[in-house]
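Thanks for coming. I will go through a few local features of one structure, and here it is.

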Amino acid sequence: MRRMKANDVILRTVAKLVVFIILAFAAHLFFAGHNDPGGGFIGGLVTASALVLLALAFDLKTVRKVVPVDFRIVTAIGLLVAVLTGVGSFAFDQPFLSHTFAYKELPFLGKKELATAVLFDLGVYLAVVGVTMTIILSIGEDR
Amino acid sequence: MNNAVVLPLLIPLLAGVVLVFFSNVRAQRTISALAALLNVAACAYLVQQVRTDGIQTLYMGGWLPPFGIVFVADMLGALLALTSAVVMGACLFYAFRTIGEGRERHHFYALAQFLTVGVIGSFLTGDIFNLFVCFEVMLISSYALIVLGGEKRQLRESIKYILINIVSSILFVASMAYLYAALGTLNMAQLAVRVAETGQGGGLNVVAALLLVVFSLKAGLFLFFWLPGSYGAPPSVVAAMFGGLLTKVGVYAIVRTFTLIFAYDPGFTQPLIEWMSIGAMTLGALGAVAYRDVPRILIYNIVVAVGLIGFGLSAATEAALDGVVFYLLHDMVAKALVFLLGGWLMTLAGTDRSGRMGGLIEKAPALGWMFFATGMAIAGVPPLSGFVGKLLIVQGGLEGGRYIGVAVALATSLLVLLSLTRLFMSAFWGEPKSGEPASVVPSGLLAPCASLLAIVALLGVGAEWVNAYVSLAGEVLARPELYIEAVLKE
């Protein structure tokens, strides 16, 4: 199998380019979630698909080298972030999972709405990336 | 608004997440022990709060029902949460000694914490779709726990277990869809109001029957064909968690659904539940008497208990509902305890066949007498905890004129007693059987078992004191308008 793919220059070159486009699209989907279709779940899946494309064009070892993290830990961090945004409402004597927002003037971007719901979505995003990559890597490395 | 309502769910959730970061076994044990103790304290605080201030509600994110998800701690939910926290704590302390480093390294404790999240979430939620989500949290953790270790038998049984639970989950989602189409809400209190308004006619009865099938599959009420194989596969401490908690969540869901939402056409639902319960009691008792290996005897005893609780629910008098709550509490503790003791017994004897055991009372007197006491409690002998609940259920059945059910309940008590005393006699009396050398039993199993046994004794001896809490829970079951008012107060 590996021997037959000795000369996959085109696949690898295209993959190097396309991975960045996919990752940018994932970021777009993630931030679009509040007002347009998108959000943490689909953003996480698209990010994972970019990593899977890398794994297909190169191999799992390369993916491990490019993204040197334990994806189980990523899942746990995601869960922690999501739960802690809920717990944060305890500090303000609000019901669990209350979220808030504010309009802020940001450099370059102008006036934007900043919502704590994005942090919850970030947790979802990390959890989805972590779970998907854990599944794919543990099946892929199991020979 | 009372954030204490969510603490029993939040503590194990945070603990489970944090446990993923640690591969060090000692650190994992410390964290899970701390979380378990903290959770018992949080649940006890919640129970006390419900007793003094009435039903507690928490509107998630500040969205009022029926628009947001509401967490409701009435006395039944709070008591069941407390009992599951206690049972889970005892199982964890037992697991520290028995589960083995291989399983510990592969996230055993994190999975146990997530199982607690699902169980306690199911008891406290006031939204029926959220109940489904909590069911799934619980079930997915239980899939992992049943297969963790990867022995051949575990792999085979987990396929059946996952298959049957996926089918019942699909039915659950389908009945949610029917319910939402018919009534336009998923909040339990508002569902109850809408069912009362439109009347529980033919279409809603179909949904009620569908939900009964779903919950009976989870609880092992008559549809328990998957249960004996699945619960026999994992290590005994996991079987104790399952026997103590998982089936009882199904029972709780039946109790909640048919006292709150579908309580308006008792002529249709009550006979259905009654005959399913009678079937469960009969078949369970026959199974308990028929088998000669420890896991199956104990597993069929679960089915009998679920049948008895179902019968109490179908009788639906105030005494019977008090009995349901009491027996549910007793059964969670006693079933977990009997599985822990059974696991200890099987390790000591080196076999699970009761015929190959003998004379173990010399070797382990504490185990022997604790097993005896637990057997008596499960059968319902007066000073212990099984008595009061069974008495109240029988009283309720007689008040309602359900003589067949009462007769079956009493007869199956005898068969339960027979199955457990016969196991006790063959294992602990007689001459020691030479043959298999006894395995080394890890030390430190006495404390978790003895503390559960103390609770069993306390529930029986202090029945008067416990009844102050149980009657509050029974009152909400008998008068669902209390629940509805507490949730939809405006």
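B:Glu101 counts as partly exposed because its relative accessibility is 45%; buried means under 20% relative accessible area, exposed over 50%, and partly exposed in between, with a 1.4 Å probe and protein chains only. This is a predicted model, in which local features need pLDDT of at least 70 and side-chain atom pairs count only at pLDDT 80 or more, while totals for chains, interfaces and linings use all residues. Residues are numbered from 1 along each chain as written, chains are lettered from A and ligands numbered from 1 in the order written, and side-chain values use heavy atoms, leaving out hydrogens and water.

B:Glu101 forms a salt bridge with B:Arg105, at 3.1 Å from N to O. By salt bridge I mean a side-chain nitrogen of Lys or Arg within 4 Å of a carboxyl oxygen of Asp or Glu. Both residues lie in helix α4 (residues 101-105) of chain B, four residues apart, about one turn. Helices here are DSSP runs of H or I, at least four residues, and strands are runs of E, at least two, numbered from the N terminus.

What does B:Arg402 pair with? Its partner is B:Glu274, with the closest N and O atoms 2.8 Å apart. B:Arg402 lies in the loop between α17 (386-399) and α18 (403-428), and B:Glu274 in helix α12 (residues 266-290), so the pair ties together parts of chain B that are 128 residues apart in sequence. B:Arg402 and B:Glu274 are both buried.

Over all chains, the search finds 14 salt bridges.

Last, α6(B): 14 of its 20 residues are buried, so the helix is largely enclosed by the rest of the structure. Just after α6(B), B:Gly149 has a positive phi of about 115°.
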